[in-house]
Amino acid sequence: MSDTPFGFGLPPEEPENGDEGKKKDQQSGGGQGPANPFGFGLPGAGGAGADNPLAAMFGSLNPTDLGAAFQQLGQMLSYEGGPVNWDMAKQIARQTVSQGAQDGTKDASVSPGERSSVEEAVRLADLWLDGVTSLPSGAGSAVAWSRAEWVEATLPVWKELVDPVAERVGAAMGDVLPEEMQAMAGPLIGMMRSMGGAMFGTQIGQAVGVLAGEVVGSTDIGLPLGPAGKAALLPLNIEAFGKDLGVPKDEVRLYLALREAAHQRLFAHVPWLRSHLFGAVEGYARGIKVDTAKLEDVVGQFDPQNPEELQQALQQGMFQPEDTPEQKAALARLETALALVEGWVDAVVHAAAKPRLASADALRETLRRRRATGGPAEQTFATLIGLELRPRRLRDASRLWASLTDARGVDGRDGLWAHPDMLPTASDLDDPDGFVHREQLDFSELDQMLGEAAGGSAGKPDLTKRDEGKDTEPGNDDAE
């Protein structure tokens, strides 16, 4: 978890005395330096967004752009929607994609040949997976996306992920004043919420745009980001991913199609899994604690002529979540679930690819390292919502699923997804052999027994009334 997951700040005013003013402002801490991982612009990223905090929204801010800049500023301050300005997030994500990825590649439309190759790879991947898992195919269709198409298709899920966290922070910004003062300070509170929604939207848009330059499918981060039943791959990013691996492009595409198709099977046929993962994020958001004393002090002394004061206050960890037991539990639940999902996918994909692809071992290790370390955009999202959406214990989970396959077979392994209480826990990842050989409860038999008991009770007459007044001596059969 980042130290300052919500330390976004307002952009500083343009110094009146040109370059000298800029230097002085940076020396006094008002600039966006490395210590502020949550100003506008991605940490470590080049370009205008890193140096000019308003560049993502307003361009270079030269005199010819001032009209558009003020128009967008008016839109930002007039925003009255939810905790995140998603229209702005979408706009900035598309702008970020159009500027090109960090490796210099530019987005491009998917060609008919690429679309056909993706469809064929997913079709073959599903055929291979049929022999290594009892879960049927979950992909009703296969699509090839450009980066811009990935942004459009996944924003609804990012909204579901980020809104609970942003809502908690936004509520804190409006609750710091006593109720009798809120009416008087209404315009100020409204402006702060509008700016907060715009700031979240700007940062999310930048992060989604950069992430679009890295992902190879719709399930890269272990969550179902795309529409249900639609296996998606990004040909441009797959080519960049396999560029220096020394592996034929067809094999790289097929291996990544195996992973995408395996994820689709899991999320399609384990109906409780998606809500389990997203519920853990919401549980984390409910545990966020805001330093209201510090926020009250800042709001009370807020001077619209000096917005950099609010910026500096926000950078000092005002919205840093407390390490509460509830948040620890939510994080542990999410991390374990992500590890189990990725470990299962890793195990079944390896079982399907190992006998057929010479590069299976090399591709498996490359993807394990990629998922374990995360890219710069993924790290930015860890800063944004305070959660690392990557499994810490992928290798442990993969070994456990492989051991379960050896001990119980494919059906016995996949049957554990029938109920969340049947899955391994974090402690089971420490002792996989103990879990593999432990007697497991059969929840299907238990459900059947409970159902029969409920049905029997509903269908039987009331024996106390039926037998009322009958002989109750020991020899009477009815009494027995």
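User: At what angle do helix α15 and helix α16 pack, and how far apart are their axes?

Analyst: In this predicted model, helix α15 covers residues 325–353 and helix α16 covers residues 360–373. The two pack at an angle of about 165°, and their axes are 10 Å apart. Angles over 145 degrees count as roughly antiparallel, and α15 and α16 are therefore roughly antiparallel to each other. The crossing of α15 past α16 is right-handed.

User: Which residues make the contact between α15 and α16?

Analyst: From α15, the contact involves Glu342, Asp346, His350 and Ala353. From α16, Ala360, Asp361, Arg364, Arg368 and Arg371 take part. Sorted by class, the residues of this contact are six charged, two nonpolar and one polar.

User: How does α16 pack against helix α18: at what angle, and with what distance between the axes?

Analyst: Helix α18 spans residues 394–414, and α16 packs with α18 at an angle of about 135°. Their axes are 10 Å apart. An angle over 145 degrees would be needed for roughly antiparallel; α16 and α18 are therefore oblique to each other.

User: Which residues meet where α16 packs with α18?

Analyst: On the α16 side they are Arg364, Glu365, Arg368, Arg369 and Arg371, which meet Leu394, Arg395 and Ser398 in α18. This contact has six charged residues, one polar and one nonpolar. Arg364, Arg368 and Arg371 of α16 also belong to the contact with α15.

User: Where does serine 359 lie, and is serine 359 buried or exposed?

Analyst: Serine 359 is found in the loop between α15 and α16. A residue is buried when its relative accessible area is under 20%. Serine 359 has 9% relative accessibility and therefore counts as buried.

User: Which residues does serine 359 touch, leaving aside those up to four places away in sequence?

Analyst: With those neighbours set aside, serine 359 touches Val247 and Glu251. A further distance concerns tyrosine 255, which is 104 residues from serine 359 in sequence. In space, the two are 9.1 Å apart, C-alpha to C-alpha.

User: How many helices and strands does the chain have, and what share of its residues count as buried?

Analyst: There are 22 helices and two strands in the chain. Of its 480 residues, 48% count as buried. Among the contacts with a separation of 6 or more, 79% join residues 24 or more positions apart. The chain exposes about 23,000 Å², of which carbon and sulfur atoms supply 51%.

Note on methods:
Residues are numbered from 1 along each chain as its sequence is written. This is a predicted model: local features need pLDDT of at least 70, side-chain atom pairs count only at pLDDT 80 or more; totals for chains, interfaces and linings use all residues. Side-chain values use heavy atoms; hydrogens and water are left out. Axes are lines fitted to C-alpha atoms, for helices over the stretch in contact, and angles run from 0 to 180 degrees between N-to-C directions. Helices (H or I, at least four residues) and strands (E, at least two) are DSSP runs, numbered from the N terminus. Angles under 35 degrees count as roughly parallel, over 145 as roughly antiparallel, 65 to 115 as roughly perpendicular and the rest as oblique. A crossing is left-handed if the near helix is turned anticlockwise from the far one by less than a right angle, and right-handed if clockwise. Contact means heavy atoms within 4.5 Å. Ala, Val, Leu, Ile, Met, Phe, Trp, Tyr, Cys and Pro count as nonpolar, Asp, Glu, Lys and Arg as charged, and the others, Gly among them, as polar. Buried means under 20% relative accessible area, exposed over 50%, partly exposed in between (1.4 Å probe, protein chains only). Accessible areas come from the Shrake-Rupley method with a 1.4 Å probe; for residues, only the protein chains shown count as cover.
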